[in-house]
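Biologist: I would like to learn how to read a model like this one, feature by feature. Where shall we begin?

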Amino acid sequence: MIEEDDIDLLLNDLFDLYGYDFTRYSRASLKRRIIRLCSLDKFPSFAELRYRVRNDPSYLKRLVEEVTVNVTEMFRDPAFYKSLREEVLPVLGTKPFIRIWHAGCSTGEEVYSMAILLKEANLLRRSLLYATDLNPSVLEKVRKGIFPLGLMKQYSESYITSGGTRDFSSYYTAQYGQAKFDNELSEKIIISTHNLVSDSSFNEFDLILCRNVLIYFDKELQDRVLKLFDASLGTLGYLALGTKETLKFSAVQHKFKQLNREKIWKKII
Amino acid sequence: MEENHLSHTCEFLLIGGSAGSLEVLFRLLPLLRADLPFPVALVLHRRNSGDSTLSGLLASKTSNPTQEVEDKEPVTPGTIYLAPADYHLLIERDRTFSLDYSEKINFSRPSIDVTFESAAEVYGPGLVAILLSGANEDGTGGLTAVKQAGGTAVVQNPDTAQMPFMPHYALTHLPIDHVFDTMEMASFINSLT
């Protein structure tokens, strides 16, 4: 049994020793992840986990990787991608150059989905996709653009539901049970670590996607991150969140107008 | 078990179900009183399509306000909440809901275990959890956590369940406080204060 005070001690260690601040993460979910890590790595007690964290800096990478949630998929919520295709990309297409930020991109499945949309709208050549995450090891996967071949059938179905009309398998090469996505897509993706909790704005974007990341933050941190997005969006830029996330009740909501039923907002001020 | 009907206190009622549980809810919800003094959350295994017709259907069966959970929403008495498709539903110490898109548990997202365990920590003895029909092991770990925290564990009578596996699995793994058919379940819930 892990007590609330134990979690506080661990979070203090992580901040004091390594500068990672998880104190404003949703506690219920974070606690589950920590208990899960204890069992995965077979720590007999919480004290042993804490000892390892304090005394083995190389364990930090593993901890951050397992405590944060890195579950994602290509063309998740196809209706959302359809709306990007039909309502957002035609507007972005009027710009000479398109900058897109995937904040908290995890292993990059959504970044590659976006690159495919841009290619099909003939916009990929004048676009750049910035893919950031606090977790360096997931970014390595984004760089490689290699995903399990077994998932391609499901992704292909979502791609078609999102309005895709090509043969999905034309975007990757299958080998050894893996699907390697084309360099044409990956060379437009710029990868960098960025921590939404502690890092600031680094560019001005036309579209920011941050899907199923804010649910892991408490209200106050959500508000702070939404301000960061607001400061990183150009006028008439777009912000896209996860199906169950909202700008409602946030400090920046009056600056945005929701596009349609999907969780896409346009910055109007 | 009738003697236990004398007004038991409930701060939060959870109902978990899988295959065959919707039919039970469609019969149960109309039997519940209109002014439930506690919040209710339904965790149901369902297809992970984005459609929200299920919450509309459930809402049509009760005069208690019924809605899908929004992230970080306060848990409000009198409201019937439905866990959104394809997210785990957790409860924070300040009695707000949190959503989580982590790995499936028992092949399920939402997982009944995840919500029951999380609520058990927050509500302890004030929690009443009911497990309905299903063909999956999900829910038994959750009910165990509910019992350990002093809460009340209820299962649908497997004889009345379309899929008896889930309530039966719970019955064979831990001491269950009540085994009810739909009518008994309704009068039990209506007796909670």
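Modeller: Begin with strand pairing. This is a predicted model. In chain A, Leu207(A) stands opposite Tyr238(A) of strand E8(A).

Biologist: How many bridges hold E7(A) and E8(A) together, and in which sense do they pair?

Modeller: The general idea comes before the case. Strands of a sheet pair through backbone hydrogen bonds, either parallel or antiparallel. Here E7(A) and E8(A), residues 233–241, pair in the parallel sense over five bridges.

Biologist: Which strand is joined to E7(A) by three bridges?

Modeller: Strand E1(A), residues 98–103, is joined to E7(A) by three bridges, and the two run parallel. One pair to look up is Trp101(A), which stands opposite Ile208(A) of E7(A).

Biologist: How many residues of E7(A) are buried?

Modeller: Count C-beta neighbours: a residue with 20 or more within 10 Å is buried. In E7(A), residues 205–210, six of six residues are buried.

Biologist: Is Phe75(A) buried or exposed? And Asp77(A), buried or exposed?

Modeller: Apply the neighbour count again. Phe75(A) has 27 other C-beta atoms within 10 Å, so it is buried. Asp77(A) has 23 C-beta neighbours inside 10 Å, so it counts as buried too.

Biologist: How do I read chain A as a whole?

Modeller: Start with the inventory, then the dimensions. Chain A has 10 helices and 10 strands. Its radius of gyration is 19 Å, close to the 18 Å that the globule rule gives for 269 residues, so chain A is as compact as a globular protein of that length. Its C-alpha trace spans about 55 × 50 × 30 Å along the principal axes. Buried residues make up 42% of chain A.

Biologist: What share of the contacts in chain A with a separation of 6 or more joins residues 24 or more positions apart?

Modeller: The share is 78%.

Biologist: Take chain B the same way. What is its inventory, and what is its radius of gyration?

Modeller: Chain B has six helices and nine strands. A compact globule of 193 residues would have a radius of gyration near 16 Å; the 15 Å of chain B agrees. The C-alpha trace spans about 40 × 35 × 30 Å along its principal axes. Of the residues in chain B, 48% count as buried.

Biologist: In which order do the strands of the open sheet in chain B lie?

Modeller: Seven strands of chain B form an open sheet, in the order E3-E4-E2-E1-E7-E8-E9, with parallel pairing. E3(B), residues 66–68, and E9(B), residues 178–180, stand at the edges with a single partner strand each, so one side of each has no neighbour in the sheet. Neighbouring strands are turned by 20° against each other on average, direction ignored.

Biologist: How many bridges join E7(B) to E8(B)?

Modeller: Four bridges join E7(B), residues 127–131, to E8(B), residues 152–156. Within this pairing, Ile130(B) has Val154(B) as its bridge partner.

Biologist: Which strands does helix H3(B) lie across? And H4(B)?

Modeller: Check the strands touched, then the angle. H3(B), residues 112–123, lies across E1, E2 and E7 of chain B, at about 165° to E1(B). H4(B), residues 140–148, lies across E1, E7 and E8 of chain B, at about 155° to E7(B).

Biologist: How do the axes of H3(B) and H4(B) cross?

Modeller: They come within 7 Å and cross at roughly 10°. That makes H3(B) roughly parallel to H4(B). Residues in the contact include Phe116(B) and Ala120(B) of H3(B) and Leu143(B) and Val146(B) of H4(B). By class, the contact has six nonpolar, three polar and two charged residues.

Biologist: Where is the cis peptide bond?

Modeller: Check omega. The cis bond joins Arg109(B) and Pro110(B), with omega about 10°. Pro110(B) lies in the loop between E6 and H3 of chain B.

Biologist: Last, the interface. How many residues of each chain are in contact?

Modeller: 17 residues of chain B contact 15 residues of chain A. On the chain B side, E5(B), residues 88–91, and E6(B), residues 97–100, each supply at least two residues. E6(B) gives the largest share, three residues. That side divides into six nonpolar, four polar and seven charged residues.

Definitions and conventions:
Residues numbered from 1 in each chain as written. Chains lettered and ligands numbered in written order. Predicted model: local features only at pLDDT ≥ 70, side-chain atom pairs only at ≥ 80, totals over all residues. Pairing = 2+ DSSP bridges. Axes fitted to C-alpha atoms, helices over the stretch in contact; angles between N-to-C directions. Contact = placed C-beta atoms within 7 Å. Parallel < 35°, antiparallel > 145°, perpendicular 65-115°, else oblique. Nonpolar A, V, L, I, M, F, W, Y, C, P; charged D, E, K, R; others polar. Rg over C-alpha atoms; globule rule 2.2 N^0.38 Å. Buried ≥ 20, exposed ≤ 12 C-beta atoms within 10 Å, placed from the backbone.
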